[in-house]
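This report describes the fold of one protein chain. Please look through the sequence and the structure before reading on.

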Amino acid sequence: MELDKPDQRKTRCDTIIARLRETFPEAHCALHYADPLQLLVATILSAQCTDVRVNMVTPRLFKRFPDVQALAEAEPAEIEKIIQSTGFFRSKARAIQQTARDIIARYSGQVPQTMEELTSLRGVGRKTANVVLGNAFGKNCGIVVDTHVGRIARRLELSQHTDPEKVEKDLMRLVPQHLWALFSHLLIAHGRTYCTARNPRCVDCPISSPCPSAPILSEASRVRGAKTGQRAGKRKAGRRVMPKKRAHR
Ligand code: SF4
């Protein structure tokens with residue numbers, strides 16, 4: 001894939017941001033939390049899991065373990081039982097507990113507020129740190145690149161990389177820094193509503209004009225729709241024929 005010139009890409013990106021802000025004025029972090037620690041824990045749980053599912057387990061988890069000390073001293077099996085439905089529950093329980101212990105041992109029980117400190121915690125990677133910094137502390141230190149953001153950045157040809165950290169670097173060059181946290185929320189909302197992984201709704205997409213993939217994916221979606229229609233038609237026809245055959249027996 002050959003990208004357009006950086007200044008053209010920047011102009012496209014500005015248009016994309018403006019339209020997405022109009023389309024999703026309420027875009028925000030979907031995880032429920034009351035303080036930075038809760039957001040950190042919820043983000044660890046959100047790996048390979050939906051935010052909706054995480055929000056179903058965290059009220060019980062936070063009630064049972066209301067602070068960092070309680071998490072650090074918890075029986076791992078008890079954490080595991082509560083978070084089981086989020087998947088990878090053993091490694092997530094271990095990450096939550098190790099993180100809580102590190103916060104107590106090295107940061108006096110307070111969630112640190114820099115990228116370097118956050119990523120020094122066992123169980124916290126750059127993506128998780130970006131979520132916490134951008135949402136709990138209002139600090140735009142980077143851009144969260146999850147599967148939605150990575151996929152849409154490539155479709156929009158804002159990046160050609162698959163490595164999330166490389167995608168993030170490309171996006172940081174294009175998006176104004178004060179919008180970094182918001183930008184992720186906008187792309188995630190867009191990815192859930194229009195630019196879905198399998199059947200993107202390019203035809204009624206609000207950013208189809210600055211999207212280089214629109215002509216290709218709209219055509220693919222049209223062909224897929226036509227085939228699905230044909231298959232459904234055949235199935236319907238088949239269903240109509242069956243009772244007649246049985247009636248002749
Ligand atoms: S036009 Fe299609 S591929 Fe491009 S952003 Fe919109 S839904 Fe995604």
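Against which helices do the buried residues of H2 pack? In this predicted model, they pack against helix H3 (51–64), helix H4 (68–73), helix H5 (76–83), helix H6 (89–107) and helix H8 (126–136). The sections below place this helix in the chain and then examine other parts of the model.

## Overall architecture

The chain contains 12 helices and zero strands. Read along the sequence, its pattern is therefore α-α-α-α-α-α-α-α-α-α-α-α. Of the 249 residues in the chain, 34% are buried.

Helix H2 covers residues 36–45 and is mostly covered, with eight of its 10 residues buried. These buried residues are Leu37, Leu39, Leu40, Val41, Ala42, Thr43, Ile44 and Leu45.

Helix H6 is one of the partners of H2. The buried residues of H6 are Lys92, Ala93, Ala95, Ile96, Gln97, Thr99, Ala100 and Ile103, and they pack against H2, H4 and H5. H6 has 19 residues, and the distance from its first C-alpha to its last is 26 Å, close to the 27 Å expected at 1.5 Å a residue.

Helix H1 comprises 18 residues, numbered 6–23. At 1.5 Å a residue they should span 26 Å, and the end C-alpha atoms are 25 Å apart, which agrees.

Which residues of H1 are buried? They are Arg12, Cys13, Ile16 and Leu20. Seen down the axis of H1, the buried residues fall within an arc of 105 degrees, so they line one face of the helix. The face turned away from this buried side carries the exposed residues Asp7, Ala18 and Glu22. The buried residues of H1 pack against helix H10 (164–174) and helix H11 (180–193).

## The nonpolar core and leucine 171

In soluble globular proteins, nonpolar side chains tend to be buried together. In this model, the largest nonpolar core has 60 residues. The residues with the most contacts inside this core are Ile96, Val132, Leu171 and Phe183.

Leucine 171 lies in helix H10. Why does leucine 171 count as buried? Within 10 Å there are 23 other C-beta atoms, and a residue is buried if there are 20 or more. Not counting residues up to four places away in sequence, leucine 171 touches Ile143, Ala153, Leu158, Ser159 and Phe183. Leucine 171 and isoleucine 143 are 28 residues apart along the chain, and their C-alpha atoms are separated by 7.5 Å.

## Tryptophan 180 in helix H11

Tryptophan 180 is found in helix H11. With 21 C-beta neighbours inside 10 Å, tryptophan 180 counts as buried. Leaving aside neighbours within four places in sequence, tryptophan 180 is in contact with Gly134, Asn140, Gly142, Ile143, Met172 and Val175. Isoleucine 143 is also among the residues that leucine 171 touches.

Tryptophan 180 and cysteine 141 provide another pair to locate in the model. They are 39 residues apart along the chain, and their C-alpha atoms are separated by 7.7 Å.

Serine 108 has a positive phi of about 50 degrees although it is not a glycine. Its place is in the loop between H6 and helix H7 (115–119), just after H6. Is serine 108 buried or exposed? Serine 108 is exposed, with 9 other C-beta atoms within 10 Å.

Glutamate 157 is found in the loop between helix H9 (147–155) and H10. The phi of glutamate 157 is near 55 degrees, a positive value in a residue other than glycine. With 17 C-beta neighbours inside 10 Å, glutamate 157 counts as partly exposed.

## The ligand shell

How many residues surround the ligand? There are 14, and the closest are Cys195, Cys202, Cys205, Cys211 and Ala214. The shell divides into 10 nonpolar, two polar and two charged residues.

Key. Residues numbered from 1 in each chain as written. Predicted model: local features only at pLDDT ≥ 70, side-chain atom pairs only at ≥ 80, totals over all residues. Helix = DSSP H or I, 4+ residues; strand = E, 2+ residues; numbered from the N terminus. Expected span 1.5 Å × (residues − 1). Buried ≥ 20, exposed ≤ 12 C-beta atoms within 10 Å, placed from the backbone. Arc of directions from axis to C-beta. Contact = placed C-beta atoms within 7 Å. Near = placed C-beta within 6 Å. Nonpolar A, V, L, I, M, F, W, Y, C, P; charged D, E, K, R; others polar. Core = buried A, V, L, I, M, F, W, Y, C linked by C-beta atoms within 7 Å.
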